[in-house]
Each structure stands twice: as structure tokens, then as C-alpha cells.
Amino acid sequence: PVVHEGLVYQGFSDGSLVAMTLEEGAVKWERKISTSPGPHFLDVDSTAVCDGTGRVYVASYKDGVVALDAKTGDLIWLSNRGGITNLISRGDVILTSGDGAVGAIHSVDGRALWSLNLSDKQKVTNAGREPVMLKGMLAVPTATALVFVDPASGRARTACNPGKGVTATPTRSGSQ
């Protein structure tokens with residue numbers, strides 16, 4: 001769950017995002033994020049992201065990223081690129097990762113800014129692990145390396161290959 005301005009936001013495996021009051025735990029609103037037909041991969045996979053503009057963003061693996069009004073749950077926009085499992089908010093950009101790629105979406109209207117495929121030749125899904133911002137770069141753990149991506153351009157700048165890949169999100173200390 002994520003707590004922001006007195007509300008607790010939690011995604012569920014049925015494809016719903018719920019906003020509850022922090023004090024009472026009362027449901028303020030509930031919104032079905034995954035709406036396409038079929039029973040598979042409906043979950044809200046990402047942790048909710050609140051950016052201070054009155055919006056909350058989440059990703060459904062099946063249906064993509066949505067922006068909602070944080071107070072009402074009303075839909076602002078839907079980006080239909082599925083496979084996303086992680087979100088990071090940076091200014092007017094939402095950075096995404098999952099299903100072998102990282103990308104950037106404009107937070108105002110949901111349009112794609114860039115996408116970078118990080119799958120290797122064996123079709124291993126590399127970018128499903130949570131990335132982190134480190135000194136202005138997006139650090140993305142993959143099955144083969146820790147890849148550092150320029151968040152403005154979407155270009156991989158360098159990679160650290162320890163020999164067996166990276167299986168965890170890097171941690172950071174202090175303000176990065």
C-alpha cells in the first residue's frame with residue numbers, strides 16, 4: 001500500500017485499485033483498472049504512485065498504466081501498453097519497467113515518450129525487476145546485468161555485468 005494525503009491506495013489481484021481513509025480504513029473509492037475480457041493477469045501489478053498533482057498512477061499487467069484522480073478515482077487516461085509491473089514518477093514523466101523493457105510515459109496525457117527493449121537473444125524477460133533512480137540514471141536489474149539508462153532519452157549508457165546477472169533491485173542510501 002501507499003499512503004498519500006490521508007488516503008491509502010492498494011491494488012488487488014482482481015484488477016481493482018482501492019482508496020481507503022488512513023484513519024478509519026473506510027473505502028473512499030474503488031476502481032477496476034483491468035477491464036479487458038478474460039480472467040488472466042488482471043492484477044494491479046505496480047505499487048501506486050502519487051505525484052503531488054492530484055493524480056495516482058498504477059499498472060495492470062494486462063491493460064497498461066492508468067492515471068486516476070487521487071480523490072475520486074475518476075479515469076484521466078489509460079496507456080494500453082501491457083506487461084508493466086513497476087512505475088517511478090519523475091516530474092511530468094512516469095518511468096515504467098516490466099516484460100523485458102523500460103519506458104517513459106508523459107504523466108499529463110499518457111503518451112509514450114520512449115521505450116527500450118532489454119530482452120536478451122534467448123528471449124529472457126530482463127526488465128521485470130524494480131528499477132531505481134541512482135544519481136540521475138535509471139538503474140535496471142536484468143537477468144544479465146545492471147543497466148544504467150538515461151531517463152530523458154531512453155538510451156542505455158552503461159551496464160555492470162557481475163557474471164550471473166542481477167536478481168535484486170539495488171538499494172540506495174541518502175538522498176539520490
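Predicted model: local features only at pLDDT ≥ 70, side-chain atom pairs only at ≥ 80, totals over all residues.
A residue here is called buried when its relative accessible area is under 20%, exposed when over 50%, and partly exposed in between, using a 1.4 Å probe and protein chains only. Residues are numbered from 1 along each chain as its sequence is written, and side-chain values use heavy atoms, with hydrogens and water left out.

- Strands are DSSP runs (E, at least two residues), as helices are (H or I, at least four), and the numbering starts at the N terminus.
- Two strands pair if DSSP finds at least two bridges between them.
- Strands of a sheet pair through backbone hydrogen bonds, in a parallel or an antiparallel way.
- Here, four strands make an open sheet with antiparallel pairing, in the order S1-S2-S3-S4.
- At its edges are strand S1 (2–4) and strand S4 (27–32), each of which pairs on one side only.
- From one strand to the next, the twist averages 20°; for such angles, axes are lines fitted to C-alpha atoms (for helices over the stretch in contact), and values run from 0 to 180 degrees between N-to-C directions.
- S1 and strand S2 (residues 7–11) run antiparallel and are joined by three bridges.
- Look at His4 to find a bridge partner in S2, namely Leu7.

**The sheet from S9 to S12**

- Another open sheet has four strands in the order S9-S10-S11-S12, again with antiparallel pairing.
- Strand S9 (86–90) and strand S12 (112–117) are the edge strands; each has a single partner strand, so one side of each has no neighbour in the sheet.
- Neighbouring strands of this sheet are turned against each other by 15° on average, direction ignored.
- Strand S10 (residues 93–98) and strand S11 (residues 101–106) run antiparallel, with six bridges between them.
- Thr96 has Gly103 as its bridge partner in S11.

**Aromatic pairs**

- Rings of Phe, Tyr and Trp (its six-membered ring) count as a pair if their centres lie within 6.5 Å; planes under 30 degrees apart are stacked, over 60 edge-to-face, and the rest tilted.
- The structure has two aromatic pairs.
- One of them joins Tyr9 and Trp29, whose ring centres are 6.1 Å apart and whose planes meet at 50°, so this pair is tilted.
- Because Tyr9 is in strand S2 and Trp29 in strand S4, the pair ties together parts that are 20 residues apart in sequence.
- Tyr9 is buried at 2% relative accessibility, and Trp29 is buried at 6%.
- The rings of Tyr57 and Trp77 also form a tilted pair, with centres 5.9 Å apart and planes at 40°.
- This pair links distant parts of the chain, with Tyr57 in strand S6 (residues 55–60) and Trp77 in strand S8 (residues 75–79), 20 residues apart.
- Tyr57 counts as buried at 0% relative accessibility, and Trp77 is buried with a relative accessible area of 6%.

**Salt bridges**

- A salt bridge means a side-chain nitrogen of Lys or Arg within 4 Å of a carboxyl oxygen of Asp or Glu, and the count by this rule is three.
- Lys71 and Glu5 form one of these, with their closest N and O atoms 3.7 Å apart.
- The two residues are 66 apart: Lys71 is in the loop between strand S7 (64–69) and S8, and Glu5 is in the loop between S1 and S2.
- Lys71 is partly exposed at 38% relative accessible area, whereas Glu5 is exposed at 57%.
- Asp109 and Arg111 meet through their side chains in a salt bridge of 3.1 Å, N to O.
- Asp109 is partly exposed at 39%, and Arg111 is partly exposed at 44%.
- Arg157 and Asp150 form a salt bridge of 3.2 Å, N to O, in which Asp150 is buried at 17% relative accessibility.

**Cysteines**

- A disulfide is a pair of cysteine sulfur atoms within 2.5 Å, and by this rule there are zero disulfides.
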